[in-house]
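These are my notes from going through one protein model. I wrote down what I looked up, in the order I looked it up.

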Amino acid sequence: MKRILLLLTLYPALLHASVDLVKVDKSENRMMLLENGQVITEYHVVFGENPKGHKFQEGDERTPEGRYTLDYKKEDSSFYRSMHISYPNTEDEAKAEELGVSPGGFIMVHGQKNGLGWLSFLFQKFNWTDGCIALTNSDMDYFMERVNVGTPIEIQW
């Protein structure tokens, strides 16, 4: 009986694992949530129309590459729910200034366009964002429950 009570007490904590890193592999359209180096969840994700390579300027439809932070959640997003990626960092801003362009910004992990979530079976087959990382709405719910503000995100090709 004590073991059952202990399991029932620990079960909610096991369901809500503490994600300490989000890894994105753009070449595989894959996002992984990690806890202590172990993958606890994997998602199929999509990006902008031009996903290969690092984002250098606004409008290039690329998702930045490198290590950033998920720095705030947005519940009133135009794309279901979202979490902001801390792009551009100082290095990105310096490179954009060197090129004489705007680095862009407002890069998010988000769900589907409001009102169109039922079409995610189609939208998740091609890259359609302006440089964000898109999930299905149900995957976005799971993501938002398990990923805290301040969690690092590593994005690579």
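Before placing anything I needed a definition: helices (at least four residues) and strands (at least two) are DSSP runs, numbered from the N terminus. I also note that this is a predicted model.

Is W118 buried or exposed? W118 has a relative accessible area of 62%, and exposed means over 50%, so W118 is exposed. I then looked for what W118 does on the surface. L116, W118 and F121 make a nonpolar patch of about 370 Å² there.

I found four helices and eight strands in the protein chain. Along the sequence they follow the pattern α-β-β-β-β-β-α-β-α-β-α-β. The chain has 157 residues, and buried ones make up 41% of them.

In what order do the eight strands lie? I read the order as β3-β2-β1-β8-β4-β5-β6-β7, in an open sheet with mixed pairing. At the edges stand β3 (38-44) and β7 (133-134); each has a single partner strand, so one side of each is left without a neighbour in the sheet. I reminded myself that strands of a sheet pair through backbone hydrogen bonds, either parallel or antiparallel.

Entry 4, strand by strand. I started with β1 (residues 21-25) and β8 (residues 152-156), which run parallel and are joined by four bridges. V22 stands opposite I153 of β8 there. On to β4 and β8: this pair is antiparallel, also with four bridges, and G66 stands opposite I155 in β8. β4 pairs with β5 too, in the antiparallel sense and over four bridges. I noted M83 in β5 as the bridge partner of K73. Between β5 and β6 I found three bridges, again antiparallel, with H84 opposite M108 in β6.

Which residues point which way from β5? S82 and H84 point one way, M83 and I85 the other, and all are buried.

E98 forms a salt bridge with K95, with the closest N and O atoms 3.6 Å apart. Why are these two about one helical turn apart? Because E98 and K95 are three residues apart in helix α2. E98 is exposed, with a relative accessible area of 62%, and K95 is partly exposed, at 31%. Another salt bridge is E145 with R146, where the closest N and O atoms are 2.8 Å apart. E145 counts as partly exposed at 45% relative accessibility, whereas R146 counts as buried at 7%. I also wrote down a network of salt bridges linking E75, R81 and D141.

K113 lies over the face of F79, at 5.1 Å from the ring centre. I placed F79 in the loop between β4 and β5. F79 is partly exposed, with a relative accessible area of 26%. F79 and N137 are 58 residues apart in sequence, but C-alpha to C-alpha they are 8.9 Å apart in space.

I counted three aromatic pairs. In one of them, Y68 and Y87 have ring centres 6.0 Å apart and planes at 65 degrees, so this pair is edge-to-face. Y68 is in strand β4 (residues 66-74) and Y87 in the loop between β5 (82-85) and α2 (90-99), 19 residues apart. Both tyrosines are covered: Y68 is buried at 4% relative accessible area, and Y87 is buried at 2%.

Definitions and conventions: Residues are numbered from 1 along each chain as its sequence is written. This is a predicted model: local features need pLDDT of at least 70, side-chain atom pairs count only at pLDDT 80 or more; totals for chains, interfaces and linings use all residues. Side-chain values use heavy atoms; hydrogens and water are left out. Patches are made of residues with over 30% relative accessible area and no salt bridge: like charges are joined within 9 Å, nonpolar side chains (Val, Leu, Ile, Met, Phe, Trp, Tyr) within 5 Å. Accessible areas come from the Shrake-Rupley method with a 1.4 Å probe; for residues, only the protein chains shown count as cover. A salt bridge is a side-chain nitrogen of Lys or Arg within 4 Å of a carboxyl oxygen of Asp or Glu. Buried means under 20% relative accessible area, exposed over 50%, partly exposed in between (1.4 Å probe, protein chains only). Rings of Phe, Tyr and Trp (its six-membered ring) pair if their centres lie within 6.5 Å; planes under 30 degrees apart count as stacked, over 60 as edge-to-face and the rest as tilted. A charge sits over a ring if NZ of Lys or CZ of Arg is within 6 Å of the ring centre and within 35 degrees of the ring normal. Two strands pair if DSSP finds at least two bridges between them.
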